[in-house]
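We will go stop by stop.

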Amino acid sequence: MSRALSKISPDWWDYTTLDKELLADAAKLTPEDMLALSRDGFKVVFYDTLEEFYLAEAMEYISAWKQSTADSPAGICGPIGPTEQLPLVAKLVNELGLSLRHAHFWGMDEWTENGAPVSIDHPLSFAKADMDLCFNRIDPALRMPASNMHFPIDLSAYTSSYDNVRCVVMQGGQGEVKHWAFNDPLRRAGKFKDAPPSPQEYLQLKTRIVELHPMTIIQNARTSGGGNISLVPTEAATVGPFETFKAQKVSIWHAGTHDNPFGQRLTTLMIGKQLPDSSVPMSLLALHPNVQFNFYRPGIGQCRVEMH
C-alpha cells in the first residue's frame, strides 16, 4: 500500500505521510503517558520551571568539559535552538574557574549560501550566535582554543573530528518537521518517490549540505527572523546521523517553543515504541543506545481543538 502524500508539500516526505492510526495515538498521549514511554536506552525527563530546564541543559556542557584531558579529549555538540542555555554556560565556566584548555565543542549546523557556509558576519550565523552568547563571554584565561571549536565549514575535517575527540553528549532541539540539527526529511523523488529512505540508509548520511524542507524554512523565519522568509537560506550544512551515532548520549531539549504539542508527543511515542521512520528523522534516535528527551512541562501543552 502506497504512503499518503504530504499535506505540507507533496514533493517531500514528512510526518503527515504516516499511518493515521499512529498519528491519532500520538495526539492522545498525556504527559504521564509520555513519561511512561521511558525504557532502557530512552529516558523522558520533565522540568517544572524554565530556570531549571535551561540550567540543566547548561550543566551538560560543564559535565562534558570536566571529563576532557590532554590525553583523553572530550566535548559536547550543541545546538542553536534553543539558545537560552548559552549565557548560563559562560556564567558557570567563569564562576567555577573551569579551564577549557583541553575541552572541545562542536557546532551542529550552519546556514549555507551559494554552496558554502555563511560567514560569521551573517545575521543568522549559528557560529556567530555561539560566540556572542557563550564563548566571547568566557574569561579569556579560561577560554577554549580556537582549534578545539569545530563548526561544519570544512565538512570532511568536521566528520573526522568525531573520531579524534570523544563526543560525550550531542544536544539538540526538535523542529516542526521533526528534525535534529538540519536532518530534514528528503524530497519525494527518484529512488525515494514511493517510500522514504530506510532507517539504515538515512543513518549513513554524514555531515553535508542539505536542501531544507519548506516547513523548516518557514519555522526559522518565525523563530529567528521575525517571519521574514526572504531572509532565511534554503540550504544548510548539518551534522549527520553518522556523526550523531558516535556521541555517547543524545540529549534533546523541548521547551515548547520550536515544536508543538503534537510533534513532541509523536517523536516521544515513536522512540519509546521503537518505530523509526525517516519521514520523521527524530524517530531514528530509537536506534541509538542512549537518548534523553527533556521537556519543560508547561511547554508540552495539549492536543485539542482550539479556535484562535
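**Before you start**

This is a predicted model: local features need pLDDT of at least 70, side-chain atom pairs count only at pLDDT 80 or more, and totals for chains, interfaces and linings use all residues. Residues are numbered from 1 along each chain as its sequence is written, and side-chain values use heavy atoms, with hydrogens and water left out.

**Stop 1: helix H1**

Select residues 20-28, which form helix H1. Helices (H or I, at least four residues) and strands (E, at least two) are DSSP runs, numbered from the N terminus. Colour Leu22, Leu23 and Ala26: these are buried. Buried means under 20% relative accessible area, exposed over 50%, and partly exposed in between (1.4 Å probe, protein chains only).

Why do they sit on the same side of H1? They cover an arc of only 100 degrees around the axis. The arc is that of the directions from the helix axis to the C-beta atoms. An α-helix has 3.6 residues a turn, so residues three or four places apart point the same way.

Now turn to the face away from the buried side. Lys20, Glu21 and Lys28 are exposed there. Next, show residues 261-272. This is helix H10, part of what covers the buried residues of H1 (contact means heavy atoms within 4.5 Å).

Finish at the N-terminal end. Aspartate 19 caps H1 there, with a side-chain oxygen 2.9 Å from the backbone nitrogen of glutamate 21. A polar contact is a pair of N or O atoms within 3.5 Å; within protein, one must be able to donate a hydrogen and the other to accept it, and residues adjacent in sequence count only if both atoms are side-chain atoms.

**Stop 2**

Most residues other than glycine have a negative phi, and most peptide bonds are trans. Select glycine 81 and proline 82. A cis peptide bond joins them, with omega about 5 degrees. Proline 82 lies in the loop between strand S2 (74-78) and helix H4 (85-96).

Go to asparagine 114, in the loop between strands S4 (109-113) and S5 (116-117). Its phi is positive, near 55 degrees. Asparagine 114 is exposed, at 85% relative accessible area.

Then pick alanine 181, in the loop between strand S7 (166-172) and helix H7 (199-203). Here phi is near 50 degrees, again a positive value. Buried or exposed? Alanine 181 counts as buried, at 8% relative accessibility.

**Stop 3: the pockets**

On a 1 Å grid over the protein atoms alone, a cavity is a set of points where a 1.4 Å probe fits but cannot get out, and a pocket is an open set with protein on both sides within 12 Å along at least five of seven lines; lining residues have an atom within 4 Å of a point.

The largest pocket holds about 520 Å³. Of its 29 lining residues, select the closest to the centre: Ile80, Gly81, Phe126, Ser224 and His258. S4, helix H5 (126-133) and helix H8 (214-224) each give two or more residues to the lining.

The second largest pocket has a volume of about 170 Å³. Select its lining: Ala4, Leu5, Lys7, Tyr15, Thr16, Lys20 and Leu23.

**Stop 4: the cavity**

How many cavities of 30 Å³ or more are there? The count is one. The largest cavity has a volume of about 50 Å³. Among the residues that line this cavity are Gly81, Trp253, His254 and His258.

Conventions
Points joined across faces, edges and corners; volume = space filled by probe spheres on them.
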